[in-house]
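Q: Could you walk me through reading a fold, one feature at a time?

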Amino acid sequence: NMHAQRSSVHTPLLSLPSTPHPRTTFLQMRRVRHLWFLLAATTLAFETPPRVQLRARGGHTARSDRRVRPQRLVAMSSTASPSGEDIVGWGIVGLGDVCAVKAGPAFVKAEGSRLVAVMQRTPGAAEEWARQKVPGGGCTGYDNLDAFLSDSLLGAVYIATPPGSHLEIARKVAAAGKPAYIEKPVGRSHAEATQIAEVFSQCSIPLFTAYTSRAFERSAEVRRLLAAGAVGDRVTNITYVCHGSGLARGLQSDSIPWRLQAEHSGGGLVMDVGCHLIDRLDFFCGPLVNVSGNAANKGSPHQQVEDYVQLHAQIGASSWAAVCSEGAQVECCWDFSASESKDELVISGPGGALKMAGMSSSLPISVLDPTGKVIQEIKFEAPEHAALPLIQIVTNHLRERTIASQSTAGAGEDSGGGGGRDPGGRVGGEGEEVGTESE
């Protein structure tokens, strides 16, 4: 058993409550057999920003009536924009390939955002990255995490390291009182992802995951088409096939890349690539339940992780599905050892189907009639930086939280209450009601 040596790290079985915490959503994999490695992919956005509110059937926004009573809310950087508004002072931990084009420049270009600090363990690497990537300067490079977290301008942290280091870094970020935007998969296993979620929940600090496709124009169009009846009044079947690398980055190396080392990634490429597809299905249709399947190393003797994964599941009940999908059958197959490339997602119903590349931000969506004939093809422009739309939404949400918390603190000061800024630079007093609703 190639996974036996990892038994102390990974939890092989998962049974989650049918009603998750309002601020934490998991794909409810109740009968996971050999698919333990998918558990790390099951943690979705822990906090849904207001501008990504999911629409339930009937066009109503799904909201929870539960009021969140955080003990303390984190204050953003005090750095001001030219208009005099507070902006979010972002910092990045880990400056690998994901920061080159996809995410790094987004923190510079997003409105209300400023990249103030970056951290890489290699001495001098972060300073050099900041000089090359951040126009106009103002971004400090660090090779020590504690020094990075002590930067006076730092307001929120993007954790962009391999998953094997996420838990350790997340604990320190939460202890420093900073909101976090964390790369997927959140952890190498369900156990690690749960620990990270609990760390931030206990501190009442926002935590976001980098499932960037939720903010794509293309994803919004899929939801619109489903809600408009493009496949009929319900989804009945979902199939997905991936052959080849699945657009995974960083595989051209003389040594085995970290994405193929379980101690860093949690498993094979399904951890890096498959989690995106599973999240998209959840976003469009609802959570996966009654999951079963198998995994194997079919054609990659040089690596000690699986290169083939087959999954069968059903769609469970949800309040956020674009159209009724409960009970729909799901069949997915990833074959990363295949020589030919294929990336095909088909969402079917009694009235037709949507066919598209599952891993793309911009490739067309084909609308099919019940006979399989293409009746419409919708095209999109590729975003320059794939992470920018979601980072903009997260930044907006953090700024809105700051304004709300500052208003609450000001009201407390005017009335002689105990609110206001504490010595740690946070807003609000112990147990103070700040009027923030969980989405």
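Q: How far does helix H5 reach from its first C-alpha to its last, and what is expected at 1.5 Å a residue?
A: Some ground rules before that. This is a predicted model, where local features need pLDDT of at least 70 and side-chain atom pairs count only at pLDDT 80 or more, while totals for chains, interfaces and linings use all residues. Residues are numbered from 1 along each chain as its sequence is written, and side-chain values use heavy atoms, with hydrogens and water left out. Helices (H or I, at least four residues) and strands (E, at least two) are DSSP runs, numbered from the N terminus. The expected span of a helix is 1.5 Å times one less than its number of residues. Here, H5 (residues 190–203) has 14 residues and reaches 20 Å, close to the 20 Å expected. Just after H5, serine 204 takes a positive phi of about 55 degrees.

Q: Which residues of H5 are buried, and what covers them?
A: Buried means under 20% relative accessible area, exposed over 50%, and partly exposed in between (1.4 Å probe, protein chains only). Contact means heavy atoms within 4.5 Å. For H5, the buried residues are His190, Glu192, Ala193, Thr194, Ile196, Ala197, Val199 and Phe200. Their cover includes H4, S6 and S7.

Q: What is the strand order in the open sheet of 6 strands?
A: Two strands pair if DSSP finds at least two bridges between them. In this sheet the order is S4-S3-S2-S5-S6-S7, with parallel pairing. S4 (140–142) and S7 (207–209) stand at the edges with a single partner strand each, so one side of each has no neighbour in the sheet. On average, neighbouring strands are turned by 25 degrees against each other, direction ignored. Zooming in, S2 (residues 88–93) and S3 (residues 113–119) run parallel and are joined by 6 bridges; tryptophan 90 has leucine 115 in S3 as its bridge partner.

Q: How does helix H4 run relative to S5?
A: Axes are lines fitted to C-alpha atoms, for helices over the stretch in contact, and angles run from 0 to 180 degrees between N-to-C directions. H4 (residues 166–175) lies across S2, S5 (156–159) and S6 (180–182), at about 180 degrees to S5.

Q: What is the pairing in the open sheet of 8 strands?
A: Mixed, in the order S9-S10-S11-S8-S12-S13-S14-S15. Its edge strands, S9 (288–296) and S15 (374–378), each pair on one side only. The twist averages 10 degrees from one strand to the next. S9 and S10 (residues 308–315) run antiparallel, joined by 7 bridges.
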